[in-house]
Amino acid sequence: MTGYLLVIVAALISMAASFKVQSTYQKYAKVRSMSGMTGAQAAERILHSQGIFDVSIEPVAGNLTDHYDPTAKVLRLSQSVYANSSVAAIGVAAHECGHAVQHQVGYAPLNIRSALVPAANIGAQVSWPLILIGLLLGGTSSSILIQLGILLFCLAVLFQLVTLPVEFNASSRALVLLEQNGILGTREVSDARKVLSAAAMTYVAAAAGSVLQLLRLILIARQNDDR
């Protein structure tokens, strides 16, 4: 029963965070910036102000699919951000620039997160099959497989936790650079902060969901050992 409760709590946290970011973004997507710059133009100014000239800016399909690809050195902005001059669009574009700046200065948490990607992907994909097989087999091998699955899932949880400082730091850098470069005024920066704070909550929700899922797996392992 406790395990199901953890799943419900995780789902509710995720839904609340998703609703918050969507509603906040939509609100400030209707507020045009005084500078009239688009997300792409703002991103270019920010990158150049930091001496970054080898990162290209490209549009990408989807809604809020914005991301920085450190391997290809490409900043990809969603259609609602790339050519939009709203406070929300510029805030999101600046956040992704924050990741490019992190990459340039060798920000440690970003490097750690990048290094964790392969292991975290394997952990997320393999952990549950191992645990399910362990539950079906029973016996001594059951406990070993379940424990191995939990250890692999811990890699995915660690990735989510390391993501938090990376995302919060990128937003902090973005807000400072927006004001320093005269892209947004003081009040507009405050509005952009609300957008980025709402977006950050999705990462907090993901991390909380992963931790709750880990607790559920531990409960499953204990119940299996008690049989």
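How many residues does the largest nonpolar core have, and which of them have the most contacts inside it? Keep that in mind as you click around this predicted model.

**Stop 1: the core.** The answer is 34 residues, with Leu178, Ile183 and Leu184 having the most contacts inside this largest nonpolar core. To see where the core comes from, select α1 (2-28), α2, β3 (74-78), α4, α6 (139-180) and α7; each of these gives at least two residues. **Stop 2: Leu184.** Pick Leu184 and show what surrounds it. Leaving aside neighbours within four places in sequence, Leu184 is in contact with Ser33, Val87, Ile90, Leu178, Glu179, Val189 and Ala192.

**Stop 2: two helices together.** Next, select α2 (residues 39-49) and α4 (residues 87-105). These helices pack at an angle of about 35°, and their axes lie 8 Å apart. The crossing of α2 past α4 is right-handed. Show side chains and you'll find Gly39, Ala42, Ala43, Ile46 and Leu47 on α2 meeting Ala89, Ile90, Ala93, Ala94, Cys97 and Ala100 on α4. What kinds of residues make up this contact of α2 with α4? There are 10 nonpolar, one polar and no charged.

**Stop 3: Asp191.** Jump to helix α7 (residues 186-225) and find Asp191 there. Is Asp191 buried or exposed? Its relative accessibility is 12%, so Asp191 counts as buried, the cut-off being under 20%. Not counting residues up to four places away in sequence, Asp191 touches Tyr28 and Val87.

Methods. Residues numbered from 1 in each chain as written. Predicted model: local features only at pLDDT ≥ 70, side-chain atom pairs only at ≥ 80, totals over all residues. Heavy atoms only, no water. Axes fitted to C-alpha atoms, helices over the stretch in contact; angles between N-to-C directions. Helix = DSSP H or I, 4+ residues; strand = E, 2+ residues; numbered from the N terminus. Left-handed = near helix turned anticlockwise from the far one by under 90°. Contact = heavy atoms within 4.5 Å. Nonpolar A, V, L, I, M, F, W, Y, C, P; charged D, E, K, R; others polar. Buried < 20%, exposed > 50% of the residue type's maximum accessible area, 1.4 Å probe, protein only. Core = buried A, V, L, I, M, F, W, Y, C linked by side-chain atoms within 4.5 Å.
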